[in-house]
Amino acid sequence: MQRVALVAPTAALRELLVCVADAGTVEIEVTADQSETAERPATDTSAPPMLAAVDPDLDSLYRNGRADLLAGEAQLQACRKAAIVRGEVAGLVGWMCSADLSSLRERLSVIGCAVVPLRSPKGLDPPTMLRTGSGVRRSFSTLVTTYATVPYRDVDPTLLAGFAYVVMFGMMFGDAGQGAMLVVGGLLLRAGRPVRASNLHSVWPFVVGGGLAAMVFGLLYGEFFGPTGVVPVLWIAPLDEPLTLLGAGVGIGAILLAGAYVVGTLNRWREGGWLVALGSASGIAGAALFAGLGLVAAGLTTETAWLIAVGIAVSCSGVAMAFIGFLAAAGGGGSGATQAVVEVFDAVVRVGTNLVSFARLAAFGLTHAALGAVVWEGTRNLWSAGGVGIAAAVVVFVVGNAVTFALEALVAAVQALRLEYYELFSRVFVSEGRPFRPWHVPVDTGSSGMTAT
């Protein structure tokens, strides 16, 4: 992203703005008042704003009902007010993608204007160009942008976040049969079916990804519309070994938290250098504390004394680095030290609570398995009764699985989102960027008959 100055003879300022608006590659810096003026033009219109190629007669636009041109002129006037005028020269500042610089320079040179690259001021972050792409990336990007706009210098975690989400969803919704239903539903959304759900087309990768993950965990659990025996148990039956499942949930959480610390460390380094990364609770200091506690846990499990000693040393180094970072951010002194102690204590507690929070992956997986077992047991009992019981068994199986599917899909989706935002994104992001919004208003070449006289 490049900071630029747009320069033109004062008499050609409108021509410059029309050219820039038509190109749609520059975000012009305007004040809040000027931006509000642009967003609330003098006339209401549902038509998209446009600009006249030459200076129009506003009265003529009103008489002819050209609300689109009036809206475009309101935006242009807001940008014109933001211009710095010094005698016969006028200029504006803004941001644009570096790749578009040469083409805009050529367009402006034709009308005697120019675009000049500028050095970005210290402390001023460029806007972020949101690269949503298409397909899977576009669907997963909503997961990130709903939480925050990725700061310009930060790593974009869209694909990693999407992968983490579907894994967590699948572990809580582990059923091969119901997962297959999700896959079919996602493929139907991709094909635009049903038509009434066309507004959900963009989420199809979420649905298909979640369904595939649910199928994988369903095969591991031996669940196919409950414990029907259609598929063998490849790993564990959740209701038979709940503690093993609990440990697996916490283990997956530890892996995801470790990944969040890696991305968080990269982001802190890109935002402020190694000193910031070293002292940040979401950077190296926090990662050291987390890794040290992991070593201590491993040492206690295996009864290895040296592993426990190394873990304690690593954790203490992380606490010391975090304290120094918090103290520097608080400005030092007695009050700063007190604040740093409180924040270090909070960081230590959060590491433990955030890790334990991933136990919900096992808890909701157990809930799903329990509901499936209840439905299947009721179906078997009714079926064995024969006669009317067979019809009742079919009803119980269909209705029970439908209720389980709807309830557990909603719960798993919400809980996976909660873990993503509170446990993972809280380490990846410590600030929010702002999206790059280039000013784009197309030119209406057929409006020359309404020019000012």
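A polar contact is a pair of N or O atoms within 3.5 Å. Keep that in mind as you look at these close-ups of a predicted model.

**View 1. Glu 73 and its partner Arg 14.** The side chains of Glu 73 and Arg 14 are joined by a polar contact of 2.4 Å. Glu 73 is part of helix 4, which covers residues 67-81. Its relative accessibility is 5%, so Glu 73 counts as buried. Leaving out residues up to four places away in sequence, Glu 73 touches Arg 14, Met 50, Leu 51, Ala 52, Pro 56 and Leu 58.

**View 2. Aromatic rings Phe 140 and Phe 206 meet edge-to-face.** The model has 16 aromatic pairs. In this one, the ring centres of Phe 140 and Phe 206 are 4.9 Å apart and the planes stand at 65 degrees, so the pair is edge-to-face. Phe 140 belongs to helix 6 (residues 136-145) and Phe 206 to helix 9 (residues 204-221), so the pair links distant parts of the chain, 66 residues apart. Both Phe 140 and Phe 206 are buried.

**View 3. Phe 225 pairs with Phe 397.** Here the centres lie 6.2 Å apart with the planes at 65 degrees, so this pair is edge-to-face. Phe 225 sits in the loop between helix 9 and helix 10, and Phe 397 in helix 16 (residues 388-428), so the pair ties together parts 172 residues apart in sequence. Phe 225 counts as buried at 18% relative accessibility, while Phe 397, at 25%, counts as partly exposed.

**View 4. A ring cluster and a charge over a ring.** Tyr 147, Tyr 421, Phe 425 and Phe 429 form a cluster linked by ring pairs. Arg 190 has its charged end over the ring of Trp 204, 5.0 Å from the ring's centre.

Definitions and conventions
Residues are numbered from 1 along each chain as its sequence is written. This is a predicted model: local features need pLDDT of at least 70, side-chain atom pairs count only at pLDDT 80 or more; totals for chains, interfaces and linings use all residues. Side-chain values use heavy atoms; hydrogens and water are left out. Helices (H or I, at least four residues) and strands (E, at least two) are DSSP runs, numbered from the N terminus. Buried means under 20% relative accessible area, exposed over 50%, partly exposed in between (1.4 Å probe, protein chains only). A polar contact is a pair of N or O atoms within 3.5 Å; within protein, one must be able to donate a hydrogen and the other to accept it, and residues adjacent in sequence count only if both atoms are side-chain atoms. Contact means heavy atoms within 4.5 Å. Rings of Phe, Tyr and Trp (its six-membered ring) pair if their centres lie within 6.5 Å; planes under 30 degrees apart count as stacked, over 60 as edge-to-face and the rest as tilted. A charge sits over a ring if NZ of Lys or CZ of Arg is within 6 Å of the ring centre and within 35 degrees of the ring normal.
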